[in-house]
Amino acid sequence: RFEALRGAGGTFFMLDQFQPDSLAELWGRDPDSIGVDEELGSVVACDFYNAGGLMSCSDEDIVRILTNELLPSAVCQFADAKLVDSWVGKYGGTVSWFSPGSYDKRPPLEGEGRNVLPNVKCAGDWVRMGDREHGAKGLCQERAFVSGFEAANSLMKDTTREIFKPHQVLAVREDELQFKLGVQANNEVMKYLPRFWTR
């Protein structure tokens, strides 16, 4: 749909809505300098994936694509937004690639286990989280983020003698009916089709 993306996809987050208690940090301001009724605007983060085609674009071009095309098409009020500051980070070759069927070979969140190495935990979108599995089992930042909290909670539980309050991880809402039906239909079909892409 967006030719300027050159095949990439993207997700944007309005950080001021996710972190309303951290507005001073988001805006690089002293907390005491922000008035009670002062409107600061939005702090937006955007992540592009499958973005090899964008790597050769200048930072200014990427910001222009985001502010002039993508954001206004998602939220029409962005068409009137004034850009105050921007930062672009490019990280080529940083995506993990896993082959189909490799999930069981990924390391568990608990590492070797509580009885073997209680002070070693694994976090990232590539770990198996066991009974604390959260959301999609695929690769995503949100899953990596959550696994970090789960690993920290587990580490504290296994290594500290002090009472601590674990970070609460919110459950992902239940899948919608049409998605559940699609998964069920796919599973039935795959019982009879050969999985020629896995060994």
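Predicted model: local features only at pLDDT ≥ 70, side-chain atom pairs only at ≥ 80, totals over all residues.
**Group meeting: a pocket, a patch and some salt bridges**

Numbering starts from 1 along each chain as its sequence is written, and side-chain values use heavy atoms, with hydrogens and water left out.

Back to the second largest pocket, which holds about 380 Å³ of space. Of its 15 lining residues, the closest to the centre are His 134, Phe 145, Val 146, Val 169 and Leu 170. A pocket here is an open set of points on a 1 Å grid over the protein atoms alone, where a 1.4 Å probe fits, with protein on both sides within 12 Å along at least five of seven lines; lining residues have an atom within 4 Å of a point. The volume is the space filled by probe spheres set on the points, which are joined across faces, edges and corners.

Now, salt bridges: how many does the structure hold? There are 10 salt bridges, each a side-chain nitrogen of Lys or Arg within 4 Å of a carboxyl oxygen of Asp or Glu.

Take Arg 143 and Glu 133, whose closest N and O atoms are 2.2 Å apart. Arg 143 sits in helix 4 and Glu 133 in the loop between helix 3 and helix 4, so this pair ties together parts 10 residues apart in sequence. Helices are DSSP runs (H or I, at least four residues), numbered from the N terminus. Arg 143 is buried at 1% relative accessible area, while Glu 133 is partly exposed at 24%. The cut-offs are under 20% for buried, over 50% for exposed and partly exposed in between, with a 1.4 Å probe and protein chains only.

Then there's Lys 121 with Glu 110, at 2.7 Å from N to O. Both Lys 121 and Glu 110 are buried. They also belong to a salt-bridge network with Arg 132, Glu 150 and Asp 158.

Arg 64 pairs with Glu 69 at 3.9 Å between the closest N and O atoms. Arg 64 is partly exposed at 37%, and Glu 69 is partly exposed at 30%.

That's what I've got; questions welcome.

Key: Helix = DSSP H or I, 4+ residues; strand = E, 2+ residues; numbered from the N terminus.
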